[in-house]
Amino acid sequence: MIKMFRATFSLLVILSLVSCNYKNIEVDMIVHNAKVYTVDEEFSIAEAFAIKDGKVVELGAERAIMNKYRSENVIDAKKQFVYPGFIDAHCHFLYYGLGLTSADLVGTTSWNDVLERMQIFSLGTNEALLYGIGWDQNDWEVEEFPDNTRLNELFPDRPVILRRIDGHAVIVNDFALKMANIEVGQIVEGGIVELKNGKLTGILIDNAMDLIEEILAPYMNDDDIKNGLLKAQKNCFEVGITTVDDAGLDRSQIELIDAMQKEGSLKMRVYAMIADHPDNLDYYFSNGPVKTDRLNVRSVKVYADGALGSRGASLLEPYSDKPEEWGFLLASFDHYDSLAASCYKNGFQLNTHCIGDSANRYLTDVYAKVLGGTNDLRWRIEHAQIVTEIDIQKFKDFSIIPSIQPTHATSDMYWAEERLGMERMNEAYPYQSLLKANGLVALGTDFPVEDIDPLKTFYAAVARKDLKGYPEGSFLPEQKLSRKEALMGMTIWAALSNFEEMEKGSLELGKFADFVILEQDIMSVDEIHIPEIKVMATYVNGEVVYKRK
Ligand SMILES: [Zn+2]
């Protein structure tokens, strides 16, 4: 009898203890009935989590969270899949936004097709300057740069500027050439003003494009840029991106982004790389990095070379399909040395665009000189596309972070071997080797060069195939990433490459409640179906920014 009394008594005590804690803690939001990939240290899976003041309070099993917390905002994830918000570690967010307000030339099948699209676009706009983005002569039957003869006939009295998809070449009409005072025989360091039979063709490559930038500026006012940023943000939220690393912005653009974030219109988090220009550098080196919850300015972006498609990538040996060309570095050796030294001195990361094996060779040497050995300064090489084994070793020895874009591999695979020849292909897009070197890779897209969709990045990284499943045996399959590695590359490793791993990149106590809900599981669904998976909702700081209808 006494025993039974005791048992009943203890049960009562336990019950009362439980009930007095039951749903005791009020939070802003609970997400439950989910499979949550937290991407924490153990890569653990949770079923539910609670959010307060934009941050994750606790994650755990369904009952543990539901019994402990209450909220007016309870999201039933219906057994769907939650991941930390995707980070695009290398893109051109602002530039993509501007592109959304200009003519879209992506997917054009010929130069005539480009001209037709420009004619249609010109009818629907009264802009004083016609701007188009996205042509790629590699997609055309005649894979050669066009000249501007027809462009001059169609548009004799206003400037027309058409950017190649990789942003490393433009074709402009004579009207624009005149406005910018570009003349036959003009020499530009790190660039080409193209001539054919002694005549300007309108093609400007790499640094020569700066000549045109100046006439472009007056046409891009703050309202246009704001408008573009908001459009870009909307599209990015629809695909689950919650942070963008914008690879090269001027001070005025960064300040505009900051202002829009502070007024609340721009909710996207932005890691802004400072464009290598004396005005920008003078300002940020004397004022120091900028860090808010949504903005992080602590790195400088510089170009070592151009792109492989336009043969601007700087190679150690000549191009296989054009033996007189090697590509070239875009600035003097001194420039890279002194920039590296001042980034080091002022506590900024240096993030250098390196495509060709020569660019990767030279810049990893510049980094090595300044960094001296392993370190935690997280200097980055952007793209790291063609890298010899010797130079891959330097990513390890000097703790350099490879910031890579898996869709570049699957977009370029059709013609990369023409440019490089068979032998050099084992240096091409060596993502798994780079990962092994330093233990992490940051993944991005380089949009608008590629599609913005991070699931296409994930697919390209793990499958090394195009959307049709070609090639069957995968493109250089030994360089695939595992699904776990690819997910980490889009979340926690990308955060690390930004010095943001304490606040994002995984769903953990105290981190931002930035997450995405997917209809299916990217970690287990059949490979070929990954790109079709639907984003159900995207959250930034615990606030819904996209919801599928
Ligand atoms: Zn880029």
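Predicted model: local features only at pLDDT ≥ 70, side-chain atom pairs only at ≥ 80, totals over all residues.

Author: Apart from its neighbours within four places in sequence, Leu204 is in contact with Ala169, Val170, Val172, Val193, Met209, Leu211 and Ile212.

Reader: Which residues have the most contacts inside the largest nonpolar core?
Author: They are Phe49 and Leu204, in a core of 169 residues. Helix α17 (residues 454-463) gives the most to this core, namely seven residues.

Reader: Now α9, please. Which of its residues are buried?
Author: Gln253, Ile254, Ile257 and Met260 are buried in α9.

Reader: Why do they line one face of the helix?
Author: Viewed down the axis of α9, the buried residues fall within an arc of 125°, so they line one face. In general, an α-helix has 3.6 residues a turn, so residues three or four places apart point the same way.

Reader: And what does the face turned away carry?
Author: That face of α9 carries the exposed residues Ser252, Lys262 and Glu263.

Reader: What do the buried ones pack against?
Author: The buried residues of α9 pack against α3 (93-99), α8 (222-238), β17 (241-249), β18 (269-275) and β20 (295-303).

Reader: Changing topic: how many residues of domain 2 are in contact with domain 3?
Author: There are 22 in domain 2, in contact with 24 residues of domain 3. On the domain 2 side, α8 gives the most, with seven residues.

Reader: How many on that side are nonpolar, polar or charged?
Author: The side of domain 2 that touches domain 3 has 13 nonpolar, seven polar and two charged residues.

Notes. Residues numbered from 1 in each chain as written. Buried ≥ 20, exposed ≤ 12 C-beta atoms within 10 Å, placed from the backbone. Helix = DSSP H or I, 4+ residues; strand = E, 2+ residues; numbered from the N terminus. Arc of directions from axis to C-beta. Contact = placed C-beta atoms within 7 Å. Core = buried A, V, L, I, M, F, W, Y, C linked by C-beta atoms within 7 Å. Nonpolar A, V, L, I, M, F, W, Y, C, P; charged D, E, K, R; others polar.
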